[in-house]
Structure formats: C-alpha cells, structure tokens
Amino acid sequence: MLDHETLLRQAIAESRKARAAGHHPFASILVGPDGTVLMTQHNAFLPLHDMTGHAERVLMTRASTTYSPEVLRGCTIYTSAEPCAMCAGAIYWTGLARVVYGLSEADLKSITGNHPENPTLDLPCRVIFAAGQRQVEVIGPLLEAEAAAVHEGAWG
C-alpha cells in the first residue's frame, strides 16, 4: 500500500526546491506500484517561458516515452497542486491509475489571482477524468496547508 502523505510530502518538497531555484513552485513525482519514485519533475516554465511547461504535463511526456502502457497503468502521480485541465488530460492519455494532489485548483486560484504566468483554471481534475472512458482515482486535496505554504509570497 502506498503511503500517500509521505509521497505527497516528497512532491511538496520538490516544489520548494523548484521555487528555491527561481522557478514556479510546482513539482510532481511519478511513483510505481511498489512505491518507488520513478521520475521527478519541476515546473518548466523557464527558461523559454513555456506556458505548457507544467510539472505534471512535462512528467507525463517523459513517462509516456520512457515506460510501457502496462507499467504506467500501475503508476500514481503525486503533485503539489491539483492538475489543471491540460495536465489532467495528459495524465489521462498517459494511462495512470491515480492522482494524489496537495493544493486544490480553487485555492491555488485564490493565491495566484490573475497572475499572467499562472492564469489558473478553476476546473477540478475530477471533472476532466469523469468525461473519459476509463477511471482515474483522485485523492486530494491532501496536506493542503503544507502545499499552499510553498506559494506564500511567490505571486505578489
């Protein structure tokens, strides 16, 4: 059984590292069925100002070109904030079994406001997954205060 809180804290710790490196404070980790961390990804907005460089989307591109669909079906993504519509789509198409996230999109939107580098969509990932033809388990928000703390002062 996966220890969701411990693994999510690892993703949140990676979001702190991303912020310390001058990037947007988001990060995700890909975890195999046995709890092994397979990949880590920080937000990739910089250096090219890639508005699609969200940690989850970039991680899913890397995962889907590295692992077989059979492996990915047993994987979980742990992410510091709820996947946006784009990232939820990438997770769905990659074929992951589960998403565990910290900060909700609604709360992220209240933190970032209308920041031009993060015009947050308040669209729950559950809505995106519900439109699909296969089930993706969603756990979150979880450890939301810890995930939100990384954003303090980042968007002002």
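## Packing of helix H2

In this predicted model, the buried residues of helix H2 (residues 55-64) pack against strand S1 (27-31), strand S2 (37-42), helix H3 (69-72), strand S3 (76-81) and helix H4 (85-94). The residues of H2 that are buried are Ala55, Glu56, Val58, Leu59, Met60 and Ala63, a list that may be read with the geometry of helices in mind: with 3.6 residues a turn in an α-helix, residues three or four places apart point the same way.

## The sheet

Five strands make up an open sheet of mixed pairing, arranged in the order S2-S1-S3-S4-S5. Its edge strands, each of which pairs on one side only, are S2 and strand S5 (137-139), and from one strand to the next the twist averages 15°. H2 packs on this sheet, where it touches S1, S2 and S3, and the direction of H2 makes about 140° with that of S2.

Strand S1 is mostly covered, since 5 of its 5 residues are buried. Side chains in a regular strand alternate between the two faces of the sheet. In S1, Ala27, Ile29 and Val31 point one way while Ser28 and Leu30 point the other way, and all of these residues are buried.

With S2, strand S1 pairs in the antiparallel sense over 5 bridges, and methionine 39 in S2 is the bridge partner of leucine 30. The hairpin of S1 and S2 has 5 residues between the strands, and in this hairpin glycine 35 takes a positive phi near 95°. With S3, the pairing of S1 is likewise antiparallel and extends over 4 bridges; here isoleucine 29 stands opposite tyrosine 78, and valine 31 has threonine 76 as its bridge partner.

## The largest pocket

The largest pocket has a volume of about 330 Å³, and 21 residues line it, of which Met51, His54, Cys84, Met86 and Asn118 are the closest to its centre. As for secondary structure, H4 and helix H5 (105-112) each supply at least two residues of the lining; H4 is also among the elements against which the buried residues of H2 pack.

Key:
Residues are numbered from 1 along each chain as its sequence is written. This is a predicted model: local features need pLDDT of at least 70, side-chain atom pairs count only at pLDDT 80 or more; totals for chains, interfaces and linings use all residues. Side-chain values use heavy atoms; hydrogens and water are left out. Buried means under 20% relative accessible area, exposed over 50%, partly exposed in between (1.4 Å probe, protein chains only). Contact means heavy atoms within 4.5 Å. On a 1 Å grid over the protein atoms alone, a cavity is a set of points where a 1.4 Å probe fits but cannot get out, and a pocket is an open set with protein on both sides within 12 Å along at least five of seven lines; lining residues have an atom within 4 Å of a point. Grid points are joined across faces, edges and corners, and a volume is the space filled by probe spheres set on the points. Two strands pair if DSSP finds at least two bridges between them. Axes are lines fitted to C-alpha atoms, for helices over the stretch in contact, and angles run from 0 to 180 degrees between N-to-C directions.
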